[in-house]
Structure formats: C-alpha cells, structure tokens
Amino acid sequence: MTTSSLNWPVAALPEAELRERTYIRVGGKARWLLEPLDAEELQSAILAARERGFTPRILGGGCNMIIEDGLHDCVVITTDRMKKCFRPMRGSNDFDPKSHRGELVHSDPAEDPRLVVWAGTTLQNLCRTTNELGLSGMECLAGVPGHVGGGIAMNAGGRYGEMWDSVEVVRVIEPDGRMLDLPRQECTPRYRNGGLGERVVAGAILRFKPQKPVEVKERAKQYLLEKNRVQPVTEWSAGCVFKNPPPEVSGGRSAGMLVEQCGLKGRERGDAWVSPLHGNFVINRGHATSDDVLGLIEEVRSEVASRTGVTLELEVKVWRREPR
Ligand SMILES: Cc1cc2nc3c(=O)[nH]c(=O)nc-3n(C[C@H](O)[C@H](O)[C@H](O)COP(=O)(O)OP(=O)(O)OC[C@H]3O[C@@H](n4cnc5c(N)ncnc54)[C@H](O)[C@@H]3O)c2cc1C
C-alpha cells in the first residue's frame with residue numbers, strides 16, 4: 001500500500017474530500033485523489049493505480065454522480081486539471097497545442113470547423129467557445145454542467161441533440177494503459193451512454209457546423225431559457241436521477257412525468273427532496289447525507305413501480321464504498 005503522495009507519478013491528495021467536487025454536494029473521502037495534467041499523466045495515473053491493486057474511478061465535474069458518505073478505499077482520478085480547448089492547426093490532428101510551436105497557422109473556423117478538447121474542459125466553456133466562433137452543435141448542451149470527458153462518457157444531451165453528434169475522434173486510455181484514438185464510426189454511443197465501457201476519455205476532436213455566431217448564440221440562449229424554466233438548475237442536484245423509459249413501456253411518459261403523476265414531487269427525506277419544479281431531480285437543501293438522497297431515490301423508484309408498473313433505471317452514477 002502506498003503511504004506517501006510522492007509515490008504517485010502525478011499530483012496526489014490523500015484522504016481527499018469528494019463532496020465539494022460534486023454538484024449535489026454529497027459524499028465522503030477517497031483514499032487517494034490523483035490529478036493528472038494531460039493525457040500522458042492520465043495514462044500514468046491509471047497504470048499506477050492498477051499496479052497498486054486499485055481499479056481507478058474517474059471523476060469529471062461530478063454533475064451526474066452521487067457518492068456515498070465515509071471513506072472510500074479507492075483511487076479517484078479527476079480530470080479537473082485537463083482543461084485545454086483549442087482549434088486544430090491546418091491539416092493537423094494533434095491533441096497537444098505545444099507541439100505546433102507556432103509554425104502552423106489556424107484555419108478559418110468555417111473552413112475547418114473543429115475543436116480539440118481535453119477531458120476536463122467544462123461543457124459551458126466549450127459552449128461559450130463554439131458560440132463565439134460560430135460553430136453549431138453544442139447548443140443542445142447550453143446550461144448542462146460537467147466536463148467534456150463526462151459528457152462523452154454519459155453522452156450528455158437532450159431533446160435538441162447530444163454530445164456524440166459532434167464527436168469525430170475520441171482519445172481514450174484502455175484499462176491496460178494503451179492510448180487509442182477511436183474514430184466515431186468505431187463507437188456505439190446510445191441514450192445517455194457513450195458506450196465506451198471501461199475506457200477513460202482523455203480528449204476528443206469535435207466537428208461542428210459553421211454558422212453565423214449570432215445565430216448559434218441565439219439558439220443556445222433560447223435552449224438555456226427553456227432549460228432554466230423547467231429544471232432546478234441552480235440547486236444542488238445530480239441532474240436527472242432516472243433515464244426516461246422507452247415510450248412503449250411508459251406510454252410516452254418521461255421519468256419526471258411518472259414521478260409527478262404518482263404525487264411524489266416535494267417528497268422529502270432528511271434534507272433531500274424531490275424538486276417541486278421537476279420530478280426527476282432530487283435536491284440537497286444543504287445538509288443531506290448520501291443515505292437521505294439514495295434512500296429517497298429508492299423510495300421514489302419503488303412507488304413509481306408499484307403504482308405504474310414501470311421500473312425506472314438510474315441515469316445518475318452511484319459510488320458505493322466497496323471493499324477492494
Ligand atoms: C443542474 C443539472 C442539469 C443537467 N442537465 C443535463 C442535461 O440536460 N442532459 C444531460 O445529459 N445531463 C445533464 N446533467 C447531468 C450531467 O451534467 C451530465 O451527465 C454531464 O455530462 C456529466 O459530466 P461530469 O463531468 O460531471 O461527469 P461525472 O458526474 O463526473 O461522471 C459521470 C460518469 O462519467 C464517468 N466519467 C467522467 N469523466 C470521464 C472520463 N474522462 N472518461 C470516462 N468516464 C468518465 C464517471 O466515472 C461517471 O461514471 C445535468 C446535471 C445537473 C446538475
């Protein structure tokens with residue numbers, strides 16, 4: 001067992017608090033938190049964790065995540081410090097901006113409507129960048145918190161599109177540490193699932209549609225207004241708790257509608273409650289524990305199943321304390 005942060009090949013924090021690294025502000029500590037700066041460090045962190053007998057867990061923005069309280073005897077790797085987002089140089093597929101050394105020239109965004117993004121870039125920074133450059137494709141993620149890596153792993157999106165609509169190449173680290181660039185056609189993303197299994201996203205090349213910046217901005221603004229009207233975006237939550245069931249199973253009702261029809265909006269447990277605005281959001285009103293949140297989710301799931309016959313599947317990821 002490693003006893004010192006110096007024994008790790010990347011920046012490492014012992015007994016690191018995870019709560020503040022989640023949007024819902026719930027969760028305990030990780031035995032080790034590793035903070036790689038780039039894809040190579042991410043690769044080293046994964047290999048080092050595995051050599052020490054840990055299966056590393058990957059934390060992006062923690063926006064779709066509920067972490068159990070207490071000490072997790074695990075290694076968590078955060079993408080928080082991997083925040084680069086830049087236009088590729090003409091004819092280049094390079095993920096490293098330093099390797100260009102200035103001798104290559106940027107092409108016009110209309111001519112080469114791509115961006116290279118590293119896993120820790122926030123989705124909102126990416127949206128701002130595409131808005132400014134007149135690159136259409138990310139408007140569907142206006143107001144969605146989290147990192148690009150998490151967005152690709154979860155295939156974040158909504159009624160106007162999803163993350164993988166814009167992915168051209170994704171750079172991943174395999175569980176055995178190999179780094180691969182996977183073209184879109186070799187991947188099988190699905191509804192709220194990037195289909196990458198155990199692979200860790202280090203970055204991606206995204207391809208957009210060039211449009212007038214004013215049009216892209218206006219569309220993003222409208223989607224954001226709509227989102228803010230129907231979702232409790234400023235409250236501490238983990239986003240949508242449940243996936244929407246297939247329409248043939250639920251009669252076309254979304255997960256939120258099913259929760260609402262069962263009269264469960266406003267249901268509470270401790271400091272956790274089901275949002276009165278949107279039935280698919282569980283909110284931490286300040287001091288909720290993971291037991292409050294997870295207990296409430298189970299209660300809602302079980303009542304929806306018994307009253308409607310529909311068993312809701314979790315969209316949020318739950319990290320339990322598990323023996324190694
Ligand atoms: C207010 C609010 C609104 C939201 N609205 C939406 C919405 O409209 N649509 C939507 O789809 N989602 C929505 N979400 C959920 C969330 O924002 C997205 O799922 C987002 O993509 C999660 O990214 P993250 O970086 O926070 O991932 P995390 O929550 O950190 O992780 C989620 C999962 O992805 C894995 N993961 C993270 N990074 C990587 C990586 N680099 N490689 C491999 N696996 C990784 C984690 O291990 C975990 O299993 C919302 C959440 C909130 C709080």
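Student: What is the place of Glu15?

Tutor: Glu15 sits in strand E1, residues 12-17. A strand here is a DSSP run labelled E of at least two residues, and a helix is a DSSP run labelled H or I of at least four, both numbered from the N terminus. The model is predicted, so local features need pLDDT of at least 70 and side-chain atom pairs count only at pLDDT 80 or more, while totals for chains, interfaces and linings use all residues. Residues are numbered from 1 along each chain as its sequence is written, and side-chain values use heavy atoms, with hydrogens and water left out.

Student: Why is Glu15 called partly exposed?

Tutor: Buried means under 20% relative accessible area, exposed means over 50%, and partly exposed is in between (1.4 Å probe, protein chains only). Glu15 has 40%, so it is partly exposed. Glu15 also has a positive phi of about 45 degrees, although it is not a glycine.

Student: Why does Asn155 count as buried?

Tutor: Its relative accessibility is 0%, so Asn155 falls under the 20% limit. Asn155 lies in the loop between H3 and strand E9 (157-158). Asn155, which is not a glycine, has a positive phi of about 45 degrees.

Student: What makes E1 and strand E2 a pair?

Tutor: Two strands pair if DSSP finds at least two bridges between them. E1 and E2 (residues 29-34) are joined by five and run antiparallel, so they pair. Ala12 has Leu34 as its bridge partner in E2.

Student: In which sense do E2 and strand E5 pair, parallel or antiparallel?

Tutor: E2 and E5 (residues 71-78) pair in the parallel sense, over five bridges. Lys29 has Leu71 as its bridge partner in E5.

Student: Which residues are closest to the ligand?

Tutor: Of the 32 residues that surround the ligand, the closest are Ile58, Gly60, Gly61, Pro145 and Gly157.

Student: How many residues does H3 give to the shell around the ligand?

Tutor: H3 gives five, the largest share.

Methods: A residue is near a molecule or strand if one of its heavy atoms lies within 4 Å of it.
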